[in-house]
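Opening the notebook on this one. I want to look at the cavities, then the interface, then the salt bridges.

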Amino acid sequence: MAITFIKSGLQTSIQDLGRFGQMHNGISQSGAMDSVAMKMANWLVSKPLDSPVVEITLIGPTIKFNSPMSIAVCGAIFELILNKHTSHKRVIPSNTSITVIKGDILTFGRVQQGARAYLAFSSVIDLPPVLNSFSTHLTAGFGGYMGRAFKNGDQLPFSTGSNVSKREIKSEHTPCYLGNYLLRCVPSVESGEFSEAQQACFFAQTYKVSADSNRMGIRLNGKALIIDKSLQIMSSGLTQGSIQIPASGLPLISSVDGQTIGGYPRIANIITADLPILGQLKAHDKLRFLLISTEQAMEVLEEKNNKLAKVFTA
Amino acid sequence: MSKSINKPAYRLVDNGDSAITVLFEQAISEALSVKIIQLAGLLQKAFPVLIVELIPAYQSLTIMYRTSGLEECTSIKNKLLKHIKNCLVKVETVETVETDELMAPLHNRKVIEIPVCYQTKYAPDLPFIAEQAGLTTTEVIKRHTTPKYLVHMLGFLPGFLYLGGLDKQLHCARKAIPALRIQAGSVAIGGSQTGVYPVNSPGGWHIIGRTPVSLFNVNNQLENSFKNTLANNKEESQDMFIASPLDRVQFVSITEKEFDAIIALNGEINGGSN
């Protein structure tokens, strides 16, 4: 049992929730950048929420199914067409489980909202885990499918298949990606090193996402903060969502494949609950930041987890 | 009469909403790295499920923990704080309290030799370093291969070793414009540090040589390698990484022929996707 990537897409790779317990070895967690969309896709095909999926970025693949199964696509809204060049072509929706048969071809067309979609399968992907995870570490070249993104012609093997009941997630529960975001943050290690003027400049402005953004980090364009070049920091562990301010004065947000030890001062850190938004950012999207307390951040996280749990018991 | 205000030996800061960082006042040193690695080992043993990551650095330890809400988070932070205080007391008084638990990271420390070819082909920035230092390239190589560098921690990239002990004369500020792609195995100097790029990567350090040996081999993974490097049971069998924190590393100069022979034996280094 397998699927064939007739076209691989821009950056299509196997991801799960991430590889944990290895950051002290310089190995970042990797994993789906939008973990919420990933979990939703898995739920739709009745798989454990942390099952490996295919992460699709901006330009999607064309996939041929060589055996029957159920699939689901969540996250960014792509035009999805089944059997495009045939008389029985049809547009299929995201956020719903779909049955495919042998010979079906799924084409990802234009992306309308967001940046990354997650394709989950009812069948089990037949790949070995590396360090307890199926996530691909693109920089170091291991994990997932041969340690890399898919190329044209690749075949992804599956083992057992199963019939699953049809599921859908109602639109009131699926996020929109409208390209204008408010990211909540809490203090980070060097927050206190930034002057009131610098903090004011940072929190007041609307930044734009740079095209130079990827799974390692999100770069922002906007009004540069004036950086005191003599500011020495002790490099320490770099957590996801850290908003670093390098010499350029423009923020660099650390993401799933970011370095494990940072060298730039951090003005704030995006709250855990808002990290999945990083996976949906694309060039020219607008971003603002809001500082909240750690207590509020935890309340937000709990509330969000409760909401998601309700969706998964529907 | 002047009053001296003692700075606290360490302080705890939030590192996002699911991590804290212990920042030490002490200068970068072997003693401090020993303390940090011991603390990490003790915490990992005490909270095997709660703690997701422990990231040692030159003067800090970052602890990422699992939490899903406010009540749990507050309780976890309090537990950690208490435990960190207790562990540090233990670690400070190590001369009088020598338990296996504390001494474990100090057992099995190795000196690892890393062969490096410093020939022109692999050392584009060696002449620049020599010029900056006012030395011949031969003298630079001698000064680079003499020390037994201490591994303070791993980080930045898989298997990248942060080494302490670079000869002061070889210090050289990073390039203003980093190179887009440095070949895996490149041996470099950046600021006051020296190290080896374990995978292909952009970087701003000066390249003075190349090693044919792989620093990171994910196929040699052990079960629970997390435990094996930070806590007690570090085994002799092949590790994923060429060295661990508190090991020492010495560079050994080899010829191009020897370099090619090692590659022929082991294969090319897997440099990753870059």
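Predicted model: local features only at pLDDT ≥ 70, side-chain atom pairs only at ≥ 80, totals over all residues.

**Cavity lining**

I began with the second largest cavity, and its lining consists of M23(A), S28(A), Q29(A), L238(A), T239(A), Q240(A), S254(A), S255(A), V256(A), G258(A), Q259(A) and M64(B). Sorting its lining by residue type, I got 4 nonpolar, 8 polar and no charged. I also ran the cavity count, which comes to 6 cavities of 30 Å³ or more.

**Interface of chain B and chain A**

Next I checked who takes part in the contact: 49 residues come from chain B and 46 residues from chain A. How much area do chain B and chain A bury between them? I got about 3700 Å², with 60% of it on carbon and sulfur atoms.

I then looked for salt bridges between chain B and chain A and found 0. Polar contact does turn up across this interface, in 13 residue pairs, both residues at pLDDT 80 or more.

Which elements of chain B give two or more residues to the side that touches chain A? I listed the strands β1 (10-14), β2 (19-24), β3 (51-57), β4 (60-65) and β6 (149-154), plus the helices α2 (70-92) and α6 (225-230), of chain B. The largest share of that side, 6 residues, comes from β3(B).

**Salt bridges**

Last, I searched the whole structure and got 13 salt bridges over all chains. I picked out one of them, where the side chains of R116(A) and E55(A) meet at 4.0 Å, N to O. This pair links distant parts of the chain: R116(A) sits in strand β8 (residues 105-121) of chain A and E55(A) in strand β3 (residues 53-57) of chain A, 61 residues apart.

Terms used: Residues numbered from 1 in each chain as written. Chains lettered and ligands numbered in written order. Heavy atoms only, no water. Contact = heavy atoms within 4.5 Å. Buried area = accessible area lost by both parts, 1.4 Å probe. Polar contact = N/O pair within 3.5 Å; in protein donor to acceptor, adjacent residues only side chain to side chain. Helix = DSSP H or I, 4+ residues; strand = E, 2+ residues; numbered from the N terminus. 1 Å grid on protein atoms, 1.4 Å probe; cavity = no way out; pocket = protein on both sides within 12 Å on 5 of 7 lines; lining within 4 Å. Points joined across faces, edges and corners; volume = space filled by probe spheres on them. Nonpolar A, V, L, I, M, F, W, Y, C, P; charged D, E, K, R; others polar.
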